[in-house]
Amino acid sequence: MLAGRSLKYNMHKQIKDDILIVNNLRVNFNIKNDNIFKNNTVLTAVDNISFTIKKGKTLGLVGESGCGKTTTGQAMLGLIQTTAGKIFFDKENITNISYKEFLPKRHKIQIIFQDPYSSLNPRQTAEEIIRDPLDIHNIGNNKERINKVKELMKLVGLRENQMKLYPHQFSGGQRQRICIARALALNPDFIVCDEPVSALDVAIQAQILNLLKKLQKELNLTYLFISHDLAVVQHISDEIAVMYLGSIVERTNNIDLFNKPKHPYTKALLSSVLNTSLDTKKERIRLIGDVPNPLNKPSGCSFHTRCTYAKDKCKSVKPDFIEKDNGHWVACHVNL
């Protein structure tokens, strides 16, 4: 992970090593005001974040609901306009390019949505759903497309005789397998996984996570894995970035984040993860108050209103995102 100024300095080196580079990304939304005499309010959903993802690896993006995780993923896919910053995919700048310009790149960047039922057309069969990307991009003839659908269904653990079934005839886990097969139809390099297991039972979650890991190894896929569940992120991610109120407050590798967290917010999140060891007792850290209104963020460090370590400096000065250990980046004035 590189801070904004470092990322610019090392841009040429990073483009060679990384499939995705996000540099000082900001996404604002205009909120209409009911009072016609007042200007619209600006909501900063993503506030000046930077990260990179290496090809074949997984970056886990974790945080509370409303912190900007999904908005970040949508920006990677060109589904929303960014306000500032740059996004580079496979050496190309894809920031705010038009639909026509993005279409040739669409087959390389795909998404798996959170709710497998609402993201599927209830009037289409599994075959039609998985085949849609092939039809839209005019890939192969009819026979080749049918064979591709059969191949994809087998790849994700579905049977050929399920091709003519509709989404309501599948279980939740099977529906998510259909979504995964659809995402793989165009042989992508990068997939945004937007909380792909949060709507599933725990036992099914493990199956889908193991399937995603298996596919990543076999197809050399790169994932941005978005979740609010640290236990899930730990299972699949190589690196983890923790978001709070639109900003990344900590990022490091999977092992160091769980063993040596350096931000108070990360420590609080980790204390809420269920401990299955009978020999280890973990202190539960309870955060003070509620998440601040994103339309009226606190000055200085946005976490200082809930932080037990907060100093006077935290209330007025926003901390820089700096490398406190090798590869361990933190935005905090306090050394934990």
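**View A. Lining of the second largest cavity in the predicted model.** H263, P264, C301, F303, H304, C307, A310, C314 and C332 line the second largest cavity of this predicted model. Its volume is about 40 Å³. Seven of the lining residues are nonpolar and two are polar, with no charged residue in the set.

**View B. Lining of the largest cavity.** The model holds two cavities of 30 Å³ or more. The largest cavity has a volume of about 70 Å³. Around the largest cavity stand P264, K267, I285, R286, L287, F303, R306, C307, T308 and Y309. By class, this lining consists of six nonpolar residues, three charged residues and one polar residue.

View C. Eight strands form an open sheet with mixed pairing, in the order 6-7-8-3-9-10-12-11. The edges are strand 6 (109-112) and strand 11 (322-325); each has a single partner strand, so one side of each is left without a neighbour in the sheet. On average, neighbouring strands of this sheet are turned by 20° against each other, direction ignored. Strands of a sheet pair through backbone hydrogen bonds, in either a parallel or an antiparallel arrangement.

View D. Strand 9 (residues 239-244) and strand 10 (residues 247-253) run antiparallel and are joined by six bridges.

Note on methods:
Residues numbered from 1 in each chain as written. Predicted model: local features only at pLDDT ≥ 70, side-chain atom pairs only at ≥ 80, totals over all residues. Heavy atoms only, no water. 1 Å grid on protein atoms, 1.4 Å probe; cavity = no way out; pocket = protein on both sides within 12 Å on 5 of 7 lines; lining within 4 Å. Points joined across faces, edges and corners; volume = space filled by probe spheres on them. Nonpolar A, V, L, I, M, F, W, Y, C, P; charged D, E, K, R; others polar. Pairing = 2+ DSSP bridges. Helix = DSSP H or I, 4+ residues; strand = E, 2+ residues; numbered from the N terminus. Axes fitted to C-alpha atoms, helices over the stretch in contact; angles between N-to-C directions.
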